[in-house]
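Dear colleague,

Please find the structure below, handed over for your own work. A short account of what was found in it comes after.

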There are 2 protein chains.
Amino acid sequence: MKPVTIYDTTLRDGTQGEGFQLSMLDKLRIAKRLDEFGVDYIEGGWPGSNPKDVEFFQEAKKLELKYAKLAAFGSTRRADLKVEDDPQVRLLIEAETPVVTIFGKSWELHVTEVLRTTAEENQAMIRDTVEYLVSKGREVVYDAEHFFDGYKDSPEHAIATLKAAAEGGAAVLVLCDTNGGTLPSEVMEISAAVKDAIPGTPFGIHTHNDCELGVANAIAAVRAGGVQVQGTINGYGERTGNCNLTSVIPILQLKMGIKVIDDLSALQTLSYFVDDVSNNPHFARAPFIGRTAFAHKGGMHVNAVQKIARSYEHIEPGLVGNTQQILVSELSGQSNILIKAEQLGMKLDKGSEEAKNVLGRVKELENEGYSFEAAGGSLELLIRKELGQHVKPFDLKEFHTSYRLYRDGHQPVCEATVKVHVGEESHYTVAEGNGVVNALDKALRKALLPFYPEIEDVSLSDYKVRIIDGHDATAAKTRVLVVSTDGEKSWGTIGVSENIIEASWIAIVDSIDLFLQRRRG
Amino acid sequence: MKPVTIYDTTLRDGTQGEGFQLSMLDKLRIAKRLDEFGVDYIEGGWPGSNPKDVEFFQEAKKLELKYAKLAAFGSTRRADLKVEDDPQVRLLIEAETPVVTIFGKSWELHVTEVLRTTAEENQAMIRDTVEYLVSKGREVVYDAEHFFDGYKDSPEHAIATLKAAAEGGAAVLVLCDTNGGTLPSEVMEISAAVKDAIPGTPFGIHTHNDCELGVANAIAAVRAGGVQVQGTINGYGERTGNCNLTSVIPILQLKMGIKVIDDLSALQTLSYFVDDVSNNPHFARAPFIGRTAFAHKGGMHVNAVQKIARSYEHIEPGLVGNTQQILVSELSGQSNILIKAEQLGMKLDKGSEEAKNVLGRVKELENEGYSFEAAGGSLELLIRKELGQHVKPFDLKEFHTSYRLYRDGHQPVCEATVKVHVGEESHYTVAEGNGVVNALDKALRKALLPFYPEIEDVSLSDYKVRIIDGHDATAAKTRVLVVSTDGEKSWGTIGVSENIIEASWIAIVDSIDLFLQRRRG
């Protein structure tokens with residue numbers, strides 16, 4: 001048993017944040033990565049709040065998580081229903097997760113003014129719901145919403161709600177600073193009081209960053225004896241976000257000596273992955289994993305750091321997968337790429353000619369604005385090409401797109417033409433679409449289908465665009481990330497160009513190319 | 001005498017951050033704003049490190065600060081020079097500021113390995129320099145660099161350096177967590193030890209955010225008796241940045257009851273001002289002042305917040321100049337739009353026909369994927385149209401874009417044609433660009449310029465694309481956000497469509513249209 005477990009709620013509380021939207025496929029991809037990274041719990045969603053989350057738990061059963069336990073989130077039963085008749089609770093059972101997390105009200109204000117019920121009924125709701133879920137074989141995490149505000153208002157009332165959850169059989173009582181207004185000294189004091197009042201059930205902590213104290217409050221609770229830390233990758237979440245796991249994990253492990261994750265060096269890639277999948281920009285100043293977290297600018301600092309790194313670095317950057325930066329140019333992590341090749345099942349030896357060439361090519365492309373964090377498909381293709389495991393499936397001669405918009409009743413007309421050679425044969429096809437990229441995709445498939453009927457199975461499941469440098473406005477570079485699927489697997493490919501059409505084309509071609517290579521074996 | 005003073009180092013330590021560059025004029029503008037806001041000290045720069053800072057202090061004399069004291073920053077004398085002969089110290093005197101801040105070495109590692117001198121000489125350097133500056137009538141702030149790392153390595157050595165500064169006559173001894181690796185519990189403990197060891201001189205705190213604990217560490221030191229907090233606006237600074245004053249000030253004042261600023265409601269505008277002057281994007285999730293700091297998305301939260309605001313808000317947002325936002329996703333806030341109209345100087349009465357129509361139109365557009373959070377320009381245009389304050393500047397008949405990519409050496413060819421009516425005249429123009437949107441923008445300007453020569457002043461300064469729903473891949477909706485500027489003001493406009501070209505077109509047309517409406521008055 002670990003002394004402190006990590007409970008990730010990126011997929012649930014994270015998605016309450018403005019600008020953090022995830023499709024179901026995004027959620028599945030992130031869940032898989034979180035499991036590989038080694039968090040203990042993954043909260044996947046709230047089936048009672050939207051149909052997408054119901055569907056997520058159906059699909060998630062196929063994920064075969066290696067390590068993490070999946071948790072479904074929901075609330076206590078309604079005041080006017082028996083727990084077994086509450087449809088929201090039924091959806092929690094139907095999610096078929098080993099863990100169910102339910103939240104209940106700790107603050108009298110919420111009980112009387114928001115729920116409009118009594119303290120006694122509220123405690124019964126908590127006790128009944130926990131008990132029922134435990135009877136169905138679930139490990140139950142109890143999230144005590146507004147715990148600190150509730151405790152400050154009435155310690156007796158707040159403690160009574162926790163006792164109800166403990167009596168119901170909750171595995172852990174999670175103290176939530178839902179509004180994010182509590183100070184570390186208060187968290188420390190109140191956590192200690194909880195430990196005294198309810199010695200038989202361990203407690204955890206769930207904080208928000210409204211005072212820029214989300215991480216500090218979490219570690220204060222751990223110092224007071226807390227055994228579970230809830231948070232999100234990169235601190236995404238409602239308002240100012242949740243406790244940032246990307247900071248709190250390395251603090252626990254590297255500063256407080258509490259082992260929570262086997263290999264912390266995957267932290268930076270995980271952080272980038274979540275940014276990319278959610279189509280959010282990387283926050284360069286982010287602690288530990290930010291692009292500038294170990295970047296030295298001041299002349300005196302640079303000088304000292306070259307003599308002794310720890311003179312201006314609080315940890316060795318490689319411990320979290322980051323690298324020291326002296327100059328503006330970015331250094332591509334060599335070992336990262338070797339590890340990725342291995343994960344893809346391809347042998348790339350350290351120091352070999354092929355490895356050097358792949359690294360050189362990756363650096364070149366990164367300079368042009370590529371980023372392979374969420375585009376493993378393009379990286380795989382690049383490595384295959386270098387290892388001679390690639391047969392070019394077709395040759396592009398030319399493509400053309402045209403878009404005409406009328407203001408007098410006509411529908412817009414959008415078409416694309418593609419000229420390709422497949423083997424000895426030349427093909428010239430045209431297709432219409434509801435956008436130029438869509439038309440281009442269709443025209444290419446039309447040209448290739450007679451030769452490669454298997455591409456019928458491939459479809460684009462996601463298409464994301466980011467402008468890399470906004471300074472030149474429409475002349476800036478465009479990065480297109482495409483996620484494709486054949487119904488079983490999905491893979492990401494990337495294209496970068498000064499214009500979106502070419503960038504999209506590159507990503508689409510890579511996607512189909514990789515699929516064909518894999519089918520060849 | 002205030003119990004805790006605020007010492008701003010945005011203009012010095014802030015500019016050590018990557019991407020945070022300020023011209024001398026920028027620095028003067030920010031200094032003036034900081035003074036108006038009411039910080040106690042403004043550290044303007046390090047005259048010994050660059051000529052721009054020397055010049056800044058010359059110009060700053062004309063600022064006539066009402067409240068804040070200006071500080072020049074520098075280091076102790078060199079090991080091989082008498083203090084009065086050290087050119088870097090001379091520049092500090094010549095800056096003619098009431099306050100001089102010097103930093104010295106606390107960590108033996110730095111004394112022996114970086115400075116390459118002895119502990120005794122290091123202490124003499126500190127004592128001499130402080131004494132000399134005091135003799136010239138300066139209030140001297142002593143920054144003890146790497147104090148916590150130094151103390152953990154050797155408490156005796158670290159305390160001896162502070163004693164040297166105190167003996168020299170320093171007004172305050174500032175304990176610096178230069179590398180940002182210290183935990184709040186350590187800050188608390190070590191600060192208390194300093195207070196015991198040197199009771200005669202007060203201490204202050206200077207932290208960095210490398211563990212996301214910059215703010216937590218500062219308040220830990222204040223709890224231990226610290227009287228000065230150093231930091232930067234929005235937390236700018238080297239690596240992960242400095243202690244964020246924008247968070248620590250409201251915590252001190254609103255949570256800990258320590259009055260530090262007269263009118264805190266100017267905090268948000270100050271934060272935006274520093275972002276804008278330094279040309280950095282606003283961080284939406286920033287505590288207290290961020291755009292989403294009081295934004296509610298979850299349906300349950302929105303419902304509760306409308307009953308009782310404090311149910312999900314840790315402070316009243318107006319206290320720091322922020323406002324509650326009910327996010328567009330669930331519920332479009334009617335009052336939000338009325339407030340926005342008022343901010344734009346347009347009269348829109350609650351319950352009026354116009355207000356209802358604007359609200360209806362906004363909701364309709366939001367359903368289609370529009371979001372007006374960052375597109376105030378499009379919202380203004382919409383309100384103007386509803387209020388009859390809009391004259392259509394031109395009529396689009398048709399546009400066409402064409403993009404052809406060759407694989408045999410040719411450059412890609414990209415062109416756009418535009419047919420518009422302006423008044424009675426019809427115009428048909430064509431332009432090339434490095435992308436279809438760029439070509440379209442050029443063709444439209446070419447058509448309009450003869451009629452509206454003022455559009456020469458308008459340029460696109462940012463262009464962002466987001467795919468709203470990734471499920472249908474390239475057939476999904478595209479949201480384009482354009483930021484335009486006329487050199488003085490900037491405004492955001494938005495377009496949504498199933499294809500990126502039309503979405504871009506809508507945003508560009510809105511941008512030019514609004515500019516022309518505003519010029520009409």
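This is a predicted model: local features need pLDDT of at least 70, side-chain atom pairs count only at pLDDT 80 or more; totals for chains, interfaces and linings use all residues.

**Contact between the chains.** In the model, 87 residues of chain B are in contact with 87 residues of chain A. On the side of chain B that touches chain A, the largest share comes from strand β11 (residues 395–406) of chain B, which supplies 11 residues. By class, that side of chain B has 38 nonpolar, 27 polar and 22 charged residues.

Strand β9 (residues 395–406) of chain A runs antiparallel to β11(B), and 9 bridges join the two. One pair of bridge partners is Phe399(A) with Leu405(B). These strands belong to an open sheet of 6 strands with antiparallel pairing, in the order β11(A)-β10(A)-β9(A)-β11(B)-β12(B)-β13(B). At its edges stand β11 (425–432) of chain A and β13 (425–432) of chain B; each has a single partner strand, so one side of each is left without a neighbour in the sheet. From one strand to the next, the twist averages 10°.

Within chain A, strand β10 (residues 413–422) pairs with β11(A) in the antiparallel sense over 8 bridges. There, Thr417(A) has Val430(A) as its bridge partner. Helix α16 (residues 436–448) of chain A packs on the sheet and touches β9, β10 and β11 of chain A, its direction making about 35° with that of β10(A). In chain B, helix α16 (residues 436–448) lies across β11, β12 (413–422) and β13 of chain B and runs at about 35° to β12(B).

**Helix α5 of chain B.** This helix (residues 119–135) has 17 residues and reaches 24 Å from its first C-alpha to its last, close to the 24 Å expected. Its buried residues include Met125(B), Ile126(B), Arg127(B), Asp128(B) and Leu133(B). Among the elements of chain B that cover the buried residues of α5(B) are β4 (99–105), β5 (139–145) and α7 (155–168). After α5(B) comes Gly137(B), with a positive phi near 85°.

Glu212(A) has a positive phi near 60° and is placed in the loop between β7 (203–207) and α9 (214–223) of chain A. Glu212(A) counts as buried because it has 27 C-beta neighbours inside 10 Å, where 20 or more are required. Glu96(B), in the loop between α3 and β4 of chain B, has a positive phi of about 55°. Glu96(B) has 13 C-beta neighbours inside 10 Å and therefore counts as partly exposed.

Kind regards

Note on methods. Residues are numbered from 1 along each chain as its sequence is written. Chains are lettered from A and ligands numbered from 1 in the order in which they are written. Helices (H or I, at least four residues) and strands (E, at least two) are DSSP runs, numbered from the N terminus. The expected span of a helix is 1.5 Å times one less than its number of residues. A residue is buried if 20 or more other C-beta atoms lie within 10 Å of its own, exposed if 12 or fewer, and partly exposed in between; C-beta atoms are placed from the backbone. Two residues are in contact if their C-beta atoms, placed from the backbone, lie within 7 Å. Ala, Val, Leu, Ile, Met, Phe, Trp, Tyr, Cys and Pro count as nonpolar, Asp, Glu, Lys and Arg as charged, and the others, Gly among them, as polar. Two strands pair if DSSP finds at least two bridges between them. Axes are lines fitted to C-alpha atoms, for helices over the stretch in contact, and angles run from 0 to 180 degrees between N-to-C directions.
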